[in-house]
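Hi,

Here is the structure I promised to send over. Have a look at it first, and then read on for what turned up.

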Amino acid sequence: MKKKRLFEAAFITAAAFIWTGSGRTGHPAWAELCKWRYAHRGYHDKPQIPENSIPAFKRAIERGWGAELDVHLLKDGTLAVFHDSDLMRCAGAEGVIEDLTKDELAGLRLEGTDNKVPLLDEVLELFEGKAPLIIELKTYGGNHRALAEAVCKRLDTYEGDFCIESFDPRAIAEVRKLRPWICRGQLAQDFIKRSEDLPAYQRVLLTTLRMNFLSRPDFIAYRFEDRHNIFLRLCVRSGVQEVNWTIDSKEDMLAAEADGALVIFERFDPDE
């Protein structure tokens, strides 16, 4: 009897562990999304063509690739395409992008060029009917619900192919609640090796994909160098799609694709 109880307890524990790290399978969007490679923040070419710029996105479309981009919610409700919340690296300005209005944003330029910070509307107009997008939600200061709601509302009238991802599982959980039919994904890496200034418990939960029970992602976008991770492998084995980022060589790209992953790449031409 004691052995039976131990076996039952072990089985329940294992089942719960697998369930908390699993996701949703068989989303119909993959039929189209899986046909493409995705240029990281557009097909940029620094210093002339900045990341997340209109020229970078146009170059991706011209070469027949999809693109990954980052979206922030400004204080007036505007959705802007920009990577960091802090403005310094990409725009050479003090402060955070979430504190700006659309008019204030218009005064900034990307990485010392004449390129403005694009609005999500502008990028969607470029890609609609031409190539798919991987849209990353960049949360800040607990705005995960407001950001997810604003992006979902804007995408209601978008007729292109896309999916949504975020490092913040709360944002993906909100997408699940607000628009359960949207293809959604959890971004992750080995945060135990790369702390990113997160508390220890968050590093463990995010690395091991333990928050999947909240969002039930259709895909896991995991850092390529960290993909040999038992928690990712278990999730993928259950039928969840794998995406690898950010791939910077053709050799790595082909290795990822051989394993069945979609690729987000930069700094090289996949077709050469």
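A crossover counts as right-handed if, with the strands pointing away from the viewer, the path from the first strand over the helix to the second runs clockwise. In this predicted model, strand S1 (residues 38-40), helix H3 (residues 54-62) and strand S2 make a right-handed β-α-β unit.

As for its partners, S2 runs parallel to S1, joined by three bridges, and Ala39 pairs with Ala67. Five bridges link S2 to S4 (residues 133-137), again parallel; here Leu69 is the bridge partner of Ile135. S3 (residues 79-81) is antiparallel to S2, with three bridges, Val71 pairing with Val81 among them. Five residues separate S2 and S3 in a hairpin, and Gly77 in the turn has a positive phi of about 90 degrees.

Leu69 and Ile135 turn up again in the largest nonpolar core, which has 43 residues: along with Phe127, Leu133, Leu137 and Ile164, they touch the most other members. A second, separate core of 14 residues includes Phe82, Cys90, Ile97 and Leu105. Cys90 is buried, at 1% relative accessible area.

Cys34 is partly exposed, at 39% relative accessibility.

Best wishes

How values were computed. Residues are numbered from 1 along each chain as its sequence is written. This is a predicted model: local features need pLDDT of at least 70, side-chain atom pairs count only at pLDDT 80 or more; totals for chains, interfaces and linings use all residues. Side-chain values use heavy atoms; hydrogens and water are left out. Buried means under 20% relative accessible area, exposed over 50%, partly exposed in between (1.4 Å probe, protein chains only). A nonpolar core is a set of buried Ala, Val, Leu, Ile, Met, Phe, Trp, Tyr and Cys residues joined through side-chain atoms within 4.5 Å. Two strands pair if DSSP finds at least two bridges between them. Helices (H or I, at least four residues) and strands (E, at least two) are DSSP runs, numbered from the N terminus.
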